Amino acid sequence: MESDEPLLSARVHRPSDLLRLVLGLLGIALVLTIANFAHGTTAGLEQDIDKGTAEAPDLLISLTGLASSIAVLLVPVAFAIERLIKRDGLRIADGVLAAVLAHGASLAVDLWVAQAAPDSIRDALTKAITPQDATTPVHSYLAPVIAYMTAVGMARRPRWRVVLWGVLLLNAFAVLVPGYTTAFSIAVTILIGWSIAYGTLYAVGTPNVRPTGQTLLAGLRRVGFKPVGALRVEEASDADKRDHNDRGRRYRVTLEDGGPLDVTVVDREQQAQGFFYRVWRRLALRGITQRRSLQSLRQALEQEALLAYAAISAGANAPRLIATSELGPDAVMLVYEHLPGRSLDALADEEISDELMRTAWQQVEALQSRRIAHRRLVGDALLVDRSGAVYLTDLRGGEIAAGDLILRMDVAQLLTTLGLRVGAERAVAAAVDVLGPDAVADSLPLLQPIALSRSTRTTLRHLAKERAEREREAVIEASRANKETKAREARARGEAAHGAEAAGGRAHRKSLRAEKNAEKKAIDEALEEAREEDLLAQIRHQVLRVRPQAPIEPARLERIRPRTLVSFIAGTLAAYFLLTQLSQVPVDVVLDANWAWVGGAVAFSTLTYVCAAMSLLGFVPEKVSWWRTVQAQIAGSFVKLVAPAAVGGVALNARFLQRAGVRPGHAVASVGASQLFGLGSHITLLLLFGYITGTEHTPTLSPSRAVIAGLLTAAVLALIVTAVPALRRFVSNRVRSLFAGVVPRMLDVVQRPQKLLTGVLGMLLLTLAFVMCLDACVRAFGHETSYANLAVVFLTANALGSAAPTPGGLGAVEAALIAALIAFGVPKEVATPAVLLFRLMTLWLPVLPGWLSFTHLTRKGAL
């Protein structure tokens with residue numbers, strides 16, 4: 001065989017095995033949950049089973065027990081012998097390993113149920129035989145057998161699958177009827193064996209049974225061909241592999257008595273690639289029929305054969321399928337008539353003529369006339385022969401009797417594919433010539449990235465980055481040219497200009513302000529000139545020129561958005577942590593709280609969002625809606641549960657300002673300026689109140705020892721960072737990247753004293769509102785302490801919360817607040833509920849309003 005085919009790995013890790021392991025573990029958790037919380041139901045189920053089996057004849061029970069005991073021993077041995085005869089000893093080794101691990105897991109579960117499990121679970125999994133003895137929770141002999149038979153692959157062979165289920169049912173009947181076990185015990189046993197088997201297969205990998213080239217030649221001989229050699233066709237490029245990594249391996253086969261053949265080999269490992277992506281697409285997209293993620297090889301073969309015959313029957317040019325066959329139990333092959341030619345991707349841009357594009361659209365029109373969707377009209381799926389005829393290849397992912405949505409998606413995909421090569425105008429013109437303006441216009445709602453192939457989306461993202469880089473370079477060039485012009489004008493004025501400046505300082509300041517406005521206008525004009533529409537927008541524009549009334553509103557294709565999934569996870573975590581913390585507070589302590597001070601805490605917590613909006617708008621010279629800014633700060637209370645406190649708020653505010661019309665660089669700089677000033681005020685206030693706490697109980701003005709220790713510690717850390725080059729570079733790079741552009745932005749704000757005053761006042765009021773909220777929470781439980789102490793407590797805990805990687809500073813803030821309050825003399829019985837009340841007011845209660853604000857602003861396009 002002529003081939004430079006790479007060596008195949010001995011073992012592969014299948015995603016489907018991992019998925020089955022997860023499903024098995026979830027099944028075990030579900031059974032134990034039902035046993036724990038539905039004790040009455042489990043007891044009733046056991047009583048029903050006992051009543052139903054009480055009338056069973058003793059002879060039947062004895063014969064069933066004997067047969068099940070023999071079957072449990074003989075069936076695994078028989079299958080092992082059959083595998084050894086076929087020289088498949090690796091599967092037997094995998095089965096033995098899985099059986100050993102399943103036995104160990106069974107013993108571990110037995111030990112846990114006997115010593116640590118709740119009584120309800122113990123009652124559901126065991127049955128009393130004598131007052132002192134009970135049955136085992138897990139059948140330690142059955143779980144290894146199930147693990148063994150699953151790991152060796154009995155379930156994938158129809159005849160052995162019947163035998164497997166027969167043994168399981170026979171054994172369950174034999175132990176359940178006499179009262180030797182419970183239904184929940186059998187369910188847990190089966191799930192443990194099943195989970196251990198697939199966990200073992202995923203961990204060690206399954207033997208790679210992908211057919212080699214020699215196996216392919218032997219398979220071709222069995223279906224009547226006389227092959228001489230087979231050459232592996234070149235793999236797809238790295239950019240396209242993810243888009244069609246389940247298409248199979250392709251070979252060019254030469255025959256003794258005929259032309260060459262194109263053979264596609266699809267095996268189980270190749271088919272499993274992209275599994276999780278297909279599952280996500282199936283869950284996330286609405287109205288789109290995805291190919292089954294767990295499709296069998298025979299189903300894949302039948303689907304591709306059906307589509308090949310259907311495409312030719314519809315009058316489209318497609319490779320003619322002339323033979324199909326299985327290559328063992330884990331691979332199939334499809335033999336096509338060879339079509340000489342090159343793919344569209346292999347053609348140069350100048351070779352793609354208007355006639356060639358019209359020919360491609362005619363093939364698509366032929367498919368759509370019979371309601372056949374291709375589902376992947378990218379460049380390598382269009383084959384062009386020497387005469388200019390276009391053939392549609394790679395029909396495996398297509399669909400018969402497709403709906404209008406899928407058919408229009410094909411039109412949108414081919415428009416984008418051709419537009420990337422020849423431009424939007426020519427691509428749309430060719431489509432309109434063949435399909436007509438109405439059919440092309442109907443595809444506009446589907447002209448969105450999520451409806452396109454993965455490789456096309458990757459190309460569009462790459463082009464978007466290049467377009468943004470060109471815009472950035474245009475702005476930099478305009479700024480540089482403007483500075484050079486001003487420098488030449490300054491040199492031309494010479495000494496006379498300096499004299500005029502000394503004589504009229506106010507006029508000179510106005511002149512500088514006018515020059516700055518002129519520079520900003522020049523940069524905006526350069527940015528507007530450099531700004532380009534993306535390809536999808538260009539295609540829409542061209543279609544609207546033909547059909548101005550065409551619908552352009554994108555169709556809602558996403559059933560589940562990543563943002564929705566993150567919101568659900570964050571809400572679940574929030575509920576879990578809230579219930580965990582509230583369970584630590586005695587109910588009587590909560591009932592004795594002063595509810596007037598609780599109301600005050602709510603008011604001060606609400607005030608913090610107004611102060612946060614002031615502190616942000618004070619560093620934004622542009623005009624931004626006040627109410628929208630307050631809503632954005634409320635939405636930040638929800639974002640805290642998704643990202644650490646120091647990250648989520650910064651990202652949300654920067655995004656909000658960009659959506660409000662502030663340029664991206666200025667938006668990031670404004671948020672950075674706010675953060676920089678907040679950091680400075682935080683440190684200043686911490687030192688000030690720390691000094692006050694050291695002097696309020698002493699006649700002198702000497703600071704407390706804690707403040708001195710803190711200052712010395714900070715000085716030592718600063719010296720270490722300065723002395724170590726690696727740390728110095730790390731800190732400087734982080735600070736430079738975080739506050740890039742902040743200094744020019746601060747200069748803009750300084751020129752507007754009213755804005756600066758708003759920002760400074762907002763920062764101070766924000767800290768004051770939090771301190772007052774904490775004071776109200778402490779007073780609600782009957783204790784008082786000085787405001788200086790509370791300020792130090794809050795500022796210290798807030799700093800730790802910002803540095804903590806947990807969402808909202810969970811854990812770190814609570815521990816710091818409680819420890820600091822106790823250190824300042826607040827009893828533990830008061831500090832713990834007061835801190836939890838404070839976190840309830842500032843973190844947990846705002847979650848629902850934050851989610852509502854986040855959703856509202858997102859729908860309005862403000863986030």
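Start by selecting threonine 456, which sits in helix H18, residues 454–503 (helices being DSSP runs of H or I with at least four residues, and strands runs of E with at least two, numbered from the N terminus). What you have open is a predicted model, where local features need pLDDT of at least 70, side-chain atom pairs count only at pLDDT 80 or more, and totals for chains, interfaces and linings use all residues. Residues are numbered from 1 along each chain as its sequence is written, and side-chain values use heavy atoms, with hydrogens and water left out.

Is threonine 456 buried or exposed? It counts as buried because its relative accessibility is 4% (buried is under 20% relative accessible area, exposed over 50%, partly exposed in between, with a 1.4 Å probe and protein chains only). Show its surroundings: leaving aside residues up to four places away in sequence, threonine 456 touches Val378, Gln413, Thr416 and Leu420 (a contact means heavy atoms within 4.5 Å).

Next, colour H15 (residues 404–422) and H16 (residues 424–435), whose axes are 7 Å apart and pack at an angle of about 140° (axes are lines fitted to C-alpha atoms, for helices over the stretch in contact, and angles run from 0 to 180 degrees between N-to-C directions). That makes H15 and H16 oblique to each other (under 35 degrees is roughly parallel, over 145 roughly antiparallel, 65 to 115 roughly perpendicular, and the rest oblique).

Keep H16 on screen and bring in H20, residues 535–546: the two axes come within 9 Å and cross at roughly 45°. H16 and H20 are therefore oblique to each other too. On the H16 side, click Ala424, Glu425, Val428 and Val432; on the H20 side, Leu535, Gln538, Ile539, Gln542, Val543 and Val546. The tally for H16 with H20 is seven nonpolar, two polar and one charged.

Further along, go to H23 (residues 595–617) and H24 (residues 626–639), packed at about 115° with axes 9 Å apart. Tyr609, Val610, Ala612, Ala613, Met614, Leu616 and Leu617 of H23 make the contact with Trp626, Thr629, Val630, Gln633, Ile634 and Ser637 of H24. Between H23 and H24 you'll find 10 nonpolar residues, three polar and no charged.

Now jump to alanine 128, in the loop between H5 (119–125) and H6 (142–151). Alanine 128 is exposed, with a relative accessible area of 67%. Beyond four places in sequence, alanine 128 touches Asp133 and Ala134. Its C-alpha is 9.3 Å from that of threonine 181, 53 residues apart along the chain.

Last stop: colour by pLDDT. The chain's mean is 76, and 68% of residues reach 70 or more (pLDDT is the predictor's confidence in each residue, from 0 to 100). Residues 236–242 fall below 50, with eight contacts in the model beyond near neighbours in sequence. Residues 697–703 stay under 50 as well, with 10 contacts beyond four places in sequence.

Conventions. Ala, Val, Leu, Ile, Met, Phe, Trp, Tyr, Cys and Pro count as nonpolar, Asp, Glu, Lys and Arg as charged, and the others, Gly among them, as polar.
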